[in-house]
Amino acid sequence: MIYREAGDFKTTYAADNQTFPIKGDRYAYYLVLALALGVMPLIITDYWANAIIIPFLIYTIAALGLNILIGYCGQLSLGTGGFMAVGAYASFKLMTAFPELSIVFVVLLAGLCTAAVGVAFGLPSLRIKGFYLAVATLAAQFFLIWLFTRTPWFFNYSPTGMISAPTRTVFGYAVTGPRASAVSMYLFCLAFLIGLAWLARNLTRGTLGRKWMAIRDMDIAAEIIGVNPLIAKLSAFAVSSFYVGIAGALLFVVYLGSVEAGEAFGITVSFLVLFMVIIGGLGSILGSFLGAFFLVVGPVLLKILLVDNLRWSSDLAAHLEIMIIGLLIIVFLVLEPHGLTALWRTIKEKLRLWPFPH
Amino acid sequence: MPDTLLFALEAAANGLTAGVMYALVALGFVLIFKASGIFNFSQGVMALFAALTLVGLQTGQIPFSHLINAMFGTRLHHFGWTLPTLVAIAGTVVVMVAFAWLVERLIFRHLVNQEPIILFMATIGLAYFLEGLGDIMWGAEVKRLDVGIPQGMSPVVDDVTYAWFGYGFYMDTLELWAALIAGVLVLSLILFSQYTKQGRALRAVADDHQAALSVGISLRFIWVLVWSLAGIVALVAGMMWGAKSGVQFSLSLIALKALPVLILGGFTSIPGAIVGGLIIGVGERLFDFFMGPIIGGATENWFAYMLALVFLLFRPQGLFGEKIIERV
């Protein structure tokens with residue numbers, strides 16, 4: 001009754017082309033924005049920020065980046081963890097080399113550095129496809145992690161081999177380091193997420209996004225109708241790595257504070273982000289949000305249930321946790337191979353017809 | 001002969017035996033990929049699970065004892081018997097075949113006609129599940145696996161090389177045995193696929209699914225068959241690696257070492273897996289031998305991937321892979 005396009009008249013081309021053509025979607029979007037910006041900062045606590053909200057925001061950025069590469073451009077990559085490490089180490093080097101540089105620019109520059117590295121490792125995609133490419137991107141993962149743990153320059157010759165983020169402020173509020181409050185960290189990450197999600201949505205429905213999708217659907221046919229595969233594939237790698245690099249930088253400066261490359265950005269992180277993209281839905285911006293939420297909240301809930309309520313030993317709970325996550329992924333793929341977005345689409349379809357069955 | 005050359009030769013010889021171990025894991029990948037187009041990421045975890053089951057059966061552990069203890073407050077751990085190695089191996093084979101049947105029945109039957117990436121994701125999910133299951137069933141601590149193969153320096157190799165070069169090479173007896181067993185395994189796989197009815201059906205499916213279906217070959221049976229074969233290959237790989245360095249989580253990471261082998265040899269070629277494994281094994285040891293001291297060591301984590309990557313630029317389908325023909 002409420003959720004349908006009838007009666008929502010578009011009088012300009014701009015209105016016709018808008019991101020959310022249905023009024024209900026538009027209002028829901030404004031409501032979520034208002035809640036995230038207006039209400040959340042008032043009620044956020046340290047525990048929820050650290051356990052769920054900040055990792056959710058950061059992993060959503062990473063999932064958006066990977067979704068651009070896999071979901072929109074069709075290039076399978078398993079090197080996400082390595083690229084996140086590039087973002088983290090680039091931000092560390094920039095923070096220590098230029099202490100007066102604003103942290104906002106540090107994070108953006110770290111993203112640009114990662115984009116450059118991403119393009120370099122994206123070069124093989126011009127020759128190879130599918131699983132061969134996936135295995136080739138694993139080369140990036142292992143090589144980059146090895147480079148960051150073995151070259152002392154990257155961690156400023158610190159004896160532990162760890163990097164840790166010094167305190168930096170935005171508008172006088174600390175967003176990194178031990179003094180940062182949950183609210184300022186939350187708003188800092190949220191600002192990046194909103195900006196990047198907006199950018200991703202508009203990139204993917206513009207010329208560049210259409211080129212990516214043409215390459216994804218059939219690259220030879222795309223080449224014949226005039227899409228340059230060199231530009232399309234490398235730009236997808238660049239944009240994707242930019243997002244992933246920013247996610248890595250935020251994960252390091254805001255969330256973890258101090259990291260060791262092999263531990264924080266290992267191959268499991270690559271798989272985690274890949275799961276988010278697949279479970280959320282390939283080629284969907286909303287899917288990245290849903291997938292990240294599902295995989296950040298799921299393990300926390302399991303831990304609360306098993307360790308806190310049933311009082312099992314934590315290693316047994318950890319084994320059971322990965323078993324359940326594996327099982328969930330399989331069940332999910334069997335029941336809905338196109339992810340949570342496909343589920344959401346079905347619900348929307350039903351809502352538009354409601355209360356009529358057809 | 002100068003010493004450096006002798007040391008390099010020794011490193012290369014050790015690389016050959018290590019390469020056989022990689023090839024053994026890569027073989028499991030190739031079998032499944034050929035017959036069903038599934039890139040089975042869980043091959044490494046299957047090796048770990050098979051090795052855990054073997055140890056568990058051999059030493060008479062009670063499955064899920066940790067879970068049962070946590071739920072009911074009991075203190076179970078062992079049945080109190082030990083099984084002979086051969087019986088335990090037979091038991092593990094039964095478990096792996098049952099596992100193959102379950103995988104086909106519960107997962108891949110429902111995913112027919114899905115995109116390859118979805119199938120790949122399902123195998124990653126399977127890898128996670130199996131890893132958790134193995135730990136919960138048999139416990140997560142490092143276990144010793146003894147299948148009766150001698151370990152330590154091989155005196156024969158030492159004597160022979162000493163007689164030839166005046167310098168005895170150090171090679172592990174276990175690795176030589178592993179190479180021998182791998183050779184027997186590959187030979188029997190080739191004989192099986194060439195001279196038995198099931199083997200011919202398997203090759204037909206690998207060639208063309210639809211044509212195979214139309215002459216009355218049951219695709220489901222073939223899938224169960226290849227997953228069982230991959231399980232048995234995983235058992236052999238798990239047995240060898242487990243006997244060498246203990247049965248523990250890191251065993252599942254050998255799958256990651258097998259991926260560049262696959263690229264090098266081609267995803268669909270059994271000889272490719274073996275040659276690729278040998279090239280990677282030797283290349284890795286020699287690179288670490290010559291370049292390791294210069295650039296800081298531990299290069300074996302990524303060298304294989306870089307080698308495979310460079311290789312791909314010249315031959316995108318791998319050494320023995322089928323020529324990629326693209327049609328619009």
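1. Helices, here runs of H or I in DSSP of at least four residues, are numbered from the N terminus, and the points below use that numbering for a model that is predicted. In chain A, A:Pro355 is placed in the segment after α15, the helix that spans residues 339-353. The peptide bond that joins A:Trp354 to A:Pro355 is cis, with an omega of about 10°, and a colleague reading the backbone in this segment may wish to look at that bond.

2. Phi of A:Asn156 is positive, near 50°, although the residue is not a glycine. Is A:Asn156 buried or exposed? A residue counts as exposed if 12 or fewer other C-beta atoms lie within 10 Å of its own, and because A:Asn156 has 11 such neighbours inside 10 Å, it is classed as exposed.

3. A:Tyr157 is likewise placed in the loop between α6 and β1 of chain A, and A:Tyr157, which is not a glycine either, has a positive phi of about 60°. With 8 other C-beta atoms within 10 Å, A:Tyr157 is also exposed.

4. Within chain A, helix α4 (residues 80-97) packs against helix α5 (residues 103-122) at an angle of about 135°, and their axes are 8 Å apart. Angles over 145 degrees would count as roughly antiparallel and those from 65 to 115 as roughly perpendicular, so α4(A) and α5(A) are oblique to each other. The crossing of these two helices, α4(A) and α5(A), is right-handed.

5. As for the residues that form this packing, α4(A) contributes A:Phe83, A:Val86, A:Gly87, A:Ala90, A:Ser91, A:Leu94 and A:Met95. Among the residues of α5(A) that they meet are A:Val106, A:Leu109, A:Cys113 and A:Val117, together with A:Gly111 and A:Gly118. Sorted by class, the contact of α4(A) with α5(A) has eleven nonpolar and five polar residues, and no charged ones.

6. The contact between the two chains takes 37 residues from chain A and 41 residues from chain B. On the side of chain A that touches chain B, at least two residues are supplied by each of α6, α9 (219-224), α12 (267-280) and α14 (314-335), and α14(A) gives the most, with 13 residues. By class, this side of chain A divides into 30 nonpolar, four polar and three charged residues.

Conventions. Residues are numbered from 1 along each chain as its sequence is written. Chains are lettered from A and ligands numbered from 1 in the order in which they are written. This is a predicted model: local features need pLDDT of at least 70, side-chain atom pairs count only at pLDDT 80 or more; totals for chains, interfaces and linings use all residues. A residue is buried if 20 or more other C-beta atoms lie within 10 Å of its own, exposed if 12 or fewer, and partly exposed in between; C-beta atoms are placed from the backbone. Two residues are in contact if their C-beta atoms, placed from the backbone, lie within 7 Å. Ala, Val, Leu, Ile, Met, Phe, Trp, Tyr, Cys and Pro count as nonpolar, Asp, Glu, Lys and Arg as charged, and the others, Gly among them, as polar. Axes are lines fitted to C-alpha atoms, for helices over the stretch in contact, and angles run from 0 to 180 degrees between N-to-C directions. Angles under 35 degrees count as roughly parallel, over 145 as roughly antiparallel, 65 to 115 as roughly perpendicular and the rest as oblique. A crossing is left-handed if the near helix is turned anticlockwise from the far one by less than a right angle, and right-handed if clockwise.
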